[in-house]
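Biologist: Got the file open. Can you walk me through what stands out?

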Amino acid sequence: MQPIDGTKTKKLIGVLCQGKSIDPPPVWLMRQAGRYLPEYKETRKKAGSFLELCYSPELAEEVTLQPIRRFGFDAAILFADILLIPQALGADLWFVEGEGPRLSTIDDRAGLGRLRPADEVDETLAPIYETVGRLSGSLPNDVTLIGFAGAPWTVATYMVAGRGTPDQGPARRFAYRDPEGFQMLIDRITEATIHYLSRQIQAGAEVVKIFDSWAGVLAPAEFQRWAIEPTLRIVTALRKRHEDIPIIGFPRAAGLSAVRFAKETGIDCLGVDTTAPMPDLRRLVAPNIALQGNLDPMLMVLGGEALTSATRRIVEAMSGTPFVFNLGHGITPDADPANVELLLRAIRG
């Protein structure tokens, strides 16, 4: 596969749309606009709360731009949260400082009656579309704008449990106990997600990513029903509305099921978590599907030779293939911004 010169084009788009090898590979980091950056912390103070930051187009634009200004990543990902969808559907959502999100729960089909129809989410999510539109005009021309949403399974796990849990047992119990009722919840989230991502694309998103952060807790048959099938519905619907939109899927901790996920959902790029052997996945996944990943976020805390050598190993192993450098999960609040600079030097020389 021939590499292309990405210096004057959007490198991420070149990889995802054309299946090209680009040297050095495009790079961005999950949660790249976040609590590890001092400028983010200052902007967060202005906003007052995390949710107020998400729903303030001016401030959300600013924190999305901050890592681009500081590091020159090849892509910017919209600053928002996967749990805005359940809030838009009518669930109560709040964040506990130092602990994370909390939601009102839906643990049986009776609770579905409290949710709004999927086509009414814009009343809540309109500020997010405004943020995307602002970013479409303010980002450098060579930086790709990524929109995103949580996958239906992952969003449902939070809606059922009201918070993250070690194995998302409450959602799994609901799905086993009443699969038809749980399907109704998945369908509602799927419809809302299609609408949400389509509106992001209309506002200027050039790529969208679907985060299935809890896909790895599902057994194989359930992985098919709750992870693959809803994602396929989203991808199919988006392609009917926006034919050429590149789509990244991230079924975290899915193991070998990620191969099936990449084949059956129709995504353009498979996000790979820290635990997966990416060269092995490269041999198993269709050659036109790009891989994205998968550095251990811990190395962004430690830095040094461990970070540099691990980064170079990944780049060398994926050389000559369609590949986007990223972490295997989001950058953590205790990461050192200086280590991001070290990472980029290791990738770009």
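Biologist: Which classes of residue line the largest cavity?
Modeller: This is a predicted model. By class, the lining of the largest cavity has 6 nonpolar, 2 polar and 1 charged residues.

Biologist: Which residues line the largest cavity?
Modeller: P251, A254, G255, A258, G271, V272, D273, A276 and L281.

Biologist: What is the volume of the largest cavity? And how many cavities of 30 Å³ or more does a search of the whole structure find?
Modeller: The volume is about 40 Å³. The search finds 1 cavity of 30 Å³ or more.

Biologist: Pockets next. How much space lies in the largest pocket?
Modeller: About 1300 Å³. Its lining has 41 residues, and R31, R35, F50, D81 and F95 lie nearest the centre.

Biologist: Which elements give two or more residues to that lining?
Modeller: Those are α2 (38-47), β4 (93-96), β5 (100-103) and α7 (152-161). β5 gives the most, with 3 residues.

Biologist: And the lining of the largest pocket by class?
Modeller: 21 nonpolar, 11 polar and 9 charged residues.

Biologist: Back to R31. Is R31 buried or exposed?
Modeller: R31 counts as exposed because its relative accessible area is 53%, and the cut-off is over 50%. R31 sits in the loop between β2 and α2. Its phi is positive, about 60°, although R31 is not a glycine.

Biologist: Which residue other than glycine has a positive phi near 65°?
Modeller: A253. Its place is the loop between β8 (247-251) and α11 (257-265). A253 is partly exposed, at 37% relative accessible area.

Biologist: What about peptide bonds? Which bond is cis with omega near -5°?
Modeller: The one from D23 to P24. P24 is in the loop between β2 (21-22) and α2. A cis bond also joins G293 and N294, with omega about -25°. N294 lies in strand β10 (residues 290-295). For context, most peptide bonds are trans.

Biologist: Now the core. Which residues touch the most other members of the largest nonpolar core?
Modeller: L84, L125, F182, L270, L295 and M300, out of 131 residues in that core. Helix α9 (residues 179-203) supplies the largest share, 9 residues.

Biologist: What is L84 in contact with, leaving aside neighbours within four places in sequence?
Modeller: L51, C54, Y55, L93, L125, I128 and Y196.

Biologist: Last one. Where is D178?
Modeller: In the loop between α8 (169-177) and α9. D178 counts as buried because its relative accessible area is 16%, and the cut-off is under 20%. A polar atom of the D178 side chain lies 3.0 Å from the backbone nitrogen of G181.

Technical notes
Residues numbered from 1 in each chain as written. Predicted model: local features only at pLDDT ≥ 70, side-chain atom pairs only at ≥ 80, totals over all residues. Heavy atoms only, no water. Core = buried A, V, L, I, M, F, W, Y, C linked by side-chain atoms within 4.5 Å. Buried < 20%, exposed > 50% of the residue type's maximum accessible area, 1.4 Å probe, protein only. Helix = DSSP H or I, 4+ residues; strand = E, 2+ residues; numbered from the N terminus. Contact = heavy atoms within 4.5 Å. 1 Å grid on protein atoms, 1.4 Å probe; cavity = no way out; pocket = protein on both sides within 12 Å on 5 of 7 lines; lining within 4 Å. Points joined across faces, edges and corners; volume = space filled by probe spheres on them. Nonpolar A, V, L, I, M, F, W, Y, C, P; charged D, E, K, R; others polar. Polar contact = N/O pair within 3.5 Å; in protein donor to acceptor, adjacent residues only side chain to side chain.
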